[in-house]
Every structure is written in C-alpha cells, then in structure tokens.
Amino acid sequence: AAGDAFAISKDSLHKIDEDYPCRLYTPHFFIAFALWLLTAIAVIFAGFLVWLLTSAESSEAVSALCVFMACLCYFLLEQMIKIKKYYNAGVDNALQFFILVFSAGIFLSNYEDIAWILFNGTLMIISAWLCLRFNDSFMAVLSCAFLLLCIFLSLLRLGDPALASIPFVMMLMIALLYFLIIKVKKRAKFIYEKTLTTLTIFLLILFYATGNYWVISEMQLSLLDKPGPVSFGWVFWMFTSLIPILYIVYGVVKKDLLHIRSGLFLVAITLLTYKYYFTLLPI
C-alpha cells in the first residue's frame, strides 16, 4: 500500500526490539492497582508511625513531619525507578500521589491562615515537575487543574463585578492552553505523547464543562446564592448544545478519533443536562 512506503519491515522491527529491549516494568492494570494500594498502605502506616514517634502536635511540628514524609517519598520514588525500572507500575504512581498529599499537608496543617492561590500554585509546580521528571499523565492533569484553579481564585478576588465574566475568561484560558498543547505536541519528544494526549482530552472536556448550563447554574448558586435562571442563559445553552457537535465535525474533517470520541461522550452529557431542566419523553 502507498501508506506503507515509508514503514520499516517486520524483520527490522524485530531486530530493533532485540538490540534495544524495553527494561521498564509496567504490569497489568489490576496488578498495578494492587501495588498502588499496598504502597499507599505502607506510606500511611509509615507516616502514622513517624507521627507517634515524634509526638507532633503543633502545626509547625506537623508541617515539619509532612516535609520529611514528602522528601522520603521522593527519595524512594527516585531509587525504585532507578533500581526496579518502575513505570506506571502502581508503586511509582502512589509515591507521586503521596508527595502531593504531604506537600498539601504542609499548608493544611495551619488551615486558618492558608493562602489558597499560593497553595494551588505550589502544588501546580510540584505536579508539573513530577510530570516532566516521570512522564506521568495524572500529574499533568493535576498540574493543569491547579493552574486553572489559581486563575479562578484570582478572578474571584476581583469581586462581584467580575463574577459574570468568569466562565468566559476560563473558557478563553482553557482554549489558549489547548492550542499551546497542540503546538508543543508537534515538537515534544515522543515519550511525552501519551501525557500530552491525556492533557488534550482533559482540556476538551473542561472547556465544555466551563460553558455547560448546569455547571454555570450551580456556580451561580454557590458563589452568588442566586437560584433561578442564569444570566445570559441562552449563550450557555448554545455552548452546551454546539460544542460537542463542533468536536465531532472537527474530528471527522481532520480524521481525529480523539475529538470524535470526546464529542460523542459530551453529546450524552448534553442530553442529561437538557433532561435535568426539561421533560423529554417521560414515558
């Protein structure tokens, strides 16, 4: 076939596999999940034991304990990947997760004086580093989520006049991040391909969620304590209805299954949103 003109032969592929074998340990999903649970239990019991031995009670002592446990988890993560060649094996994923948990504990130990923008910004930097260092898709999603939370909290600080514009600003920021990821994806090393694809899916769904009528209605109720119709409701109904269709059309034109599948999934969410507010064939 014409498409196979630039493809290597099976013999060449077999020779490459023999000369450059993959030594990373990536078990089956269920084994990885079991290893994640075992690692989580071990870390929790280790943290509890250190807490009993140190008798940490004050917020400063708890913060110091969280710093120690976060550093210990990172040291173990580096050593286990170096020695055991773990990659998405459950153990490495659990240690990355608890690095974030203990990092959050440094702030949460003194909850009354917490600066939420600084809190989210710090976790964003840590999760971004873990993503780049260990090529972890979940950390990439968390880093992006913490960044958007920082933007959201900054907009809230502007007061009531800015609340109405928050959905539009957030959609604009998500769109900018999406196009940035698309540009980076073309130039990034192939090892980050899966991570960037996961991040693309997350941004596509989040862009839709930010313009979804039900989400905006719930945000209006929680932030403004204002039940009832949403301001500029027709705009958000338009976003709710058209965004999934645009994803599908774009996917068909560009022959991109990622956008087609995302659009089909969001069509179902759109129907549920419509059903929430209107009676559609109740029988």
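**Exercise 1. Is K183 buried or exposed?**

Solution. Start with the model itself. This is a predicted model, where local features need pLDDT of at least 70, side-chain atom pairs count only at pLDDT 80 or more, and totals for chains, interfaces and linings use all residues. Residues are numbered from 1 along each chain as its sequence is written, and side-chain values use heavy atoms, with hydrogens and water left out.

Step 1. Buried means under 20% relative accessible area, exposed means over 50%, and partly exposed lies in between (1.4 Å probe, protein chains only).

Step 2. Read the value. K183 has a relative accessible area of 56%, so K183 is exposed.

Step 3. K183 sits in helix α8. Helices here are DSSP runs (H or I, at least four residues), strands likewise (E, at least two), and both are numbered from the N terminus.

**Exercise 2. Find the positive surface patch and the helix that supplies its largest share.**

Solution. 

Step 1. State the patch rule. Patch residues have over 30% relative accessible area and no salt bridge; like charges are joined within 9 Å, and nonpolar side chains (Val, Leu, Ile, Met, Phe, Trp, Tyr) within 5 Å.

Step 2. Assign charges. Lys and Arg are positive, Asp and Glu negative; His and the chain ends are not counted. Each charge is placed at NZ of Lys, CZ of Arg, CG of Asp or CD of Glu.

Step 3. List the members. The positive patch consists of K183, K186, R187 and K254.

Step 4. Name the helix. Helix α8 (residues 166–187) gives three residues, the largest share.

Step 5. Widen to the whole chain. Its 19 positive and 17 negative charges have mean positions 11 Å apart.

**Exercise 3. Describe the overall build of the chain.**

Solution. 

Step 1. Count elements. The chain has 12 helices and zero strands.

Step 2. Get the extent. Along the principal axes, the C-alpha atoms fill a box of roughly 70 × 55 × 40 Å.

Step 3. Check burial. Of the 283 residues, 35% count as buried.

Step 4. Check the surface. Accessible areas come from the Shrake-Rupley method with a 1.4 Å probe; for residues, only the protein chains shown count as cover. The chain exposes about 18100 Å², with 72% supplied by carbon and sulfur atoms.

Step 5. Check contact range. A contact means heavy atoms within 4.5 Å. Among contacts between residues at least 6 apart in sequence, 63% join residues at least 24 apart.

**Exercise 4. Which residues does T210 touch, leaving out those up to four places away in sequence?**

Solution. 

Step 1. Locate T210. It belongs to helix α9 (residues 193–211).

Step 2. Classify T210. Its relative accessibility is 14%, so T210 counts as buried.

Step 3. List the partners. T210 touches P167, M170, M171, I174 and I216.

**Exercise 5. How many salt bridges are there?**

Solution. 

Step 1. Apply the rule. A salt bridge needs a side-chain nitrogen of Lys or Arg within 4 Å of a carboxyl oxygen of Asp or Glu.

Step 2. Count. The total is one salt bridge.

Step 3. Read the distance. The closest N and O atoms of R133 and E78 are 2.9 Å apart.

Step 4. Classify R133. At 40% relative accessibility, R133 is partly exposed.

**Exercise 6. Which residues make the nonpolar surface patch of about 850 Å²?**

Solution. 

Step 1. List the members. They are F232, W234, M238, L242, I245, L246, V249 and V253.

Step 2. Examine one member. L246 lies in helix α11 (residues 233–254). L246 counts as exposed, because its relative accessibility is 56%.

**Exercise 7. Examine the positive phi values of K85 and N88.**

Solution. 

Step 1. Recall the background. Most residues other than glycine have a negative phi.

Step 2. Take K85. Its phi is near 60°. K85 is in the loop between α3 and α4 (91–108), and is partly exposed at 36% relative accessibility.

Step 3. Take N88. Its phi is near 50°. N88 lies in the loop between α3 and α4, and is partly exposed at 21% relative accessibility.

**Exercise 8. What separates the C-alpha atoms of A164 and D17?**

Solution. 

Step 1. Locate A164. It is in the loop between α7 (160–163) and α8. A164 is exposed, at 52% relative accessible area.

Step 2. Read the separation. The two C-alpha atoms are 56 Å apart, and A164 and D17 are 147 residues apart along the chain.
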